[in-house]
Amino acid sequence: MLTTRPRGTNDILPGEVEKWQFIENEARKVSRDFGYQEIRTPIFEHTELFLRGVGETTDIVEKEMYSFFDRGKRNITLRPEGTASTVRAFLENKLFAEPQPTKMYYIGPMFRYDRPQAGRYRQFHQYGVEVFGSHHPSVDAEVIGLACTYLEKLGLSGIKVHINTVGCPECRPQHHVNLLKYFEDKKDKLCNTCQDRMAKNPLRILDCKNSTCQEISISAPTTESSACSECKGHFQQVLNYLEILEVNYLVDPKLVRGLDYYTHTAFEILVQGIGAQSAICGGGRYNGLIEQCGGKPMPGIGFAMGLERLLLTLNNEKVNLTGLLSNPEIYIAVTSPKAQELSFRLAMELRKKGISTEKDYFEKSLKAQMKAADRFDVKFTLILGEEELANNKIIVKEMATSEQKEIPIDDILSYLERGLLKND
Ligand code: ATP
Ligand code: MG
């Protein structure tokens with residue numbers, strides 16, 4: 001136990017973590033370019049928030065939440081997703097009083113008691129965005145366009161957006177009736193959860209992962225077939241805007257988000273080749289959510305992208321993320337105990353100047369230190385021994401050419417700065 005991490009969690013080790021930093025930095029950059037500001041909310045919230053904000057008939061609330069009572073007997077849950085917290089923060093901090101829309105993004109860990117497998121973990125990470133305050137169809141397209149731009153900037157090509165309209169409170173009751181009519185005589189064949197869903201929320205049956213349920217759902221009436229004219233109009237305009245953006249989309253009538261506060265646009269970005277967990281991004285409009293969480297009615301839309309699945313995809317597509325590993329530029333080798341202090345001071349000075357520097361920590365032989373310098377693949381190795389110390393000099397070896405020079409210690413900083421510039 002002591003040396004085993006909890007099931008479904010990952011260590012992100014040096015070597016891999018640079019890839020994370022890279023995709024996170026790109027997410028920040030693209031978000032900024034699109035005018036989204038970062039929000040950081042707590043890792044845990046009152047359980048009630050997710051019951052309300054995610055929905056009691058979702059997989060997340062039904063079986064995936066990490067909930068516990070804290071020492072003050074409060075019911076707390078590790079956040080399973082980012083939207084509910086963002087809405088809560090928007091309301092609690094009265095951001096609705098600012099000029100609208102509010103455009104925010106977040107990056108961070110989420111927690112779900114999922115069944116661990118490739119691309120599915122219990123602690124995973126999402127990059128997500130939310131826009132509150134505008135129902136304009138160009139916002140739907142902008143959010144989708146942002147997700148696509150990000151993926152393209154990372155080097156993924158051939159991205160396809162699956163999109164659908166899931167209706168609104170106006171037309172959804174009719175759609176429910178149509179679905180119930182369709183499933184009525186097939187009910188016995190549905191899985192137990194879906195039989196339950198018949199009573200609670202028939203739309204969620206279309207989202208079931210059980211293969212029999214999926215087969216039965218194939219000819220189920222689509223949301224579009226019962227969509228009201230407002231929904232149809234909005235959807236058509238979203239598609240028009242997507243065409244302006246040249247986003248490659250596919251209208252997928254089976255795509256649903258089965259909760260009342262999800263309205264209009266629903267979308268997903270699927271990728272090939274990372275196994276069964278092929279969705280890297282999911283999102284949609286939730287015009288009823290802010291009111292559901294205790295605010296005044298206000299439209300909203302967002303997406304969440306799974307960063308583990310994104311990295312799997314990037315690896316799989318052989319997108320080159322190497323070269324991100326930054327080696328130290330300088331290695332300082334010391335050949336006499338007397339030179340230890342000077343080499344230490346020099347290393348610290350170089351580091352403070354922003355020149356990444358490694359050194360020996362074991363008083364190893366010169367040969368071993370030169371080996372280490374090779375392994376670090378530094379540009380220059382400095383060699384400091386008794387003789388150099390006496391002459392106030394230092395040996396500089398340029399690793400690419402193996403050329404060695406003696407430089408006065410006082411000149412070493414400017415010499416290296418010039419040398420590193422030349423090497424850049
Ligand atoms: P799935 O159907 O795969 O369970 P979901 O509908 O639960 O996905 P969302 O809640 O829409 O997923 O989350 C958005 C994205 O977060 C997903 O598309 C996926 O990339 C990622 N994601 C969700 N759950 C996990 C998980 N347990 N481990 C890793 N990534 C996940
Ligand atoms: Mg899930």
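**A strand and a ligand shell**

Mentor: In this predicted model, strand S12 pairs with strand S13 (residues 357-359) in the parallel sense over three bridges. Within this pairing, Ile332 stands opposite Lys359 of S13.

Trainee: Over how many bridges do S12 and S14 pair?

Mentor: Strand S14 covers residues 380-384 and pairs with S12 in the parallel sense. Ala333 stands opposite Ile383 of S14. The number of bridges between S12 and S14 is five.

Trainee: Why is S12 described as largely enclosed by the rest of the structure?

Mentor: In a regular strand, side chains alternate between the two faces of the sheet. Ile330, Ile332 and Val334 point one way from S12, Tyr331 and Ala333 point the other way, and all are buried. S12 is therefore largely enclosed, because the buried residues number five of the five.

Trainee: Which strand gives the largest share of the shell around ligand 1?

Mentor: The shell has 15 residues, with Arg112, Asp114, Arg120, Tyr121 and Ala279 the closest. Oxygen atoms of ligand 1 lie 2.9 Å from a side-chain N or O atom of Arg120, 3.1 Å from a polar side-chain atom of Arg309 and 3.3 Å from a backbone N or O atom of Ile280. Strands S6, S10 and S11 each give two or more residues to the shell. The largest share, three residues, comes from S10.

Technical notes: Residues numbered from 1 in each chain as written. Chains lettered and ligands numbered in written order. Predicted model: local features only at pLDDT ≥ 70, side-chain atom pairs only at ≥ 80, totals over all residues. Heavy atoms only, no water. Near = heavy atom within 4 Å. Polar contact = N/O pair within 3.5 Å; in protein donor to acceptor, adjacent residues only side chain to side chain. Helix = DSSP H or I, 4+ residues; strand = E, 2+ residues; numbered from the N terminus. Buried < 20%, exposed > 50% of the residue type's maximum accessible area, 1.4 Å probe, protein only. Pairing = 2+ DSSP bridges.
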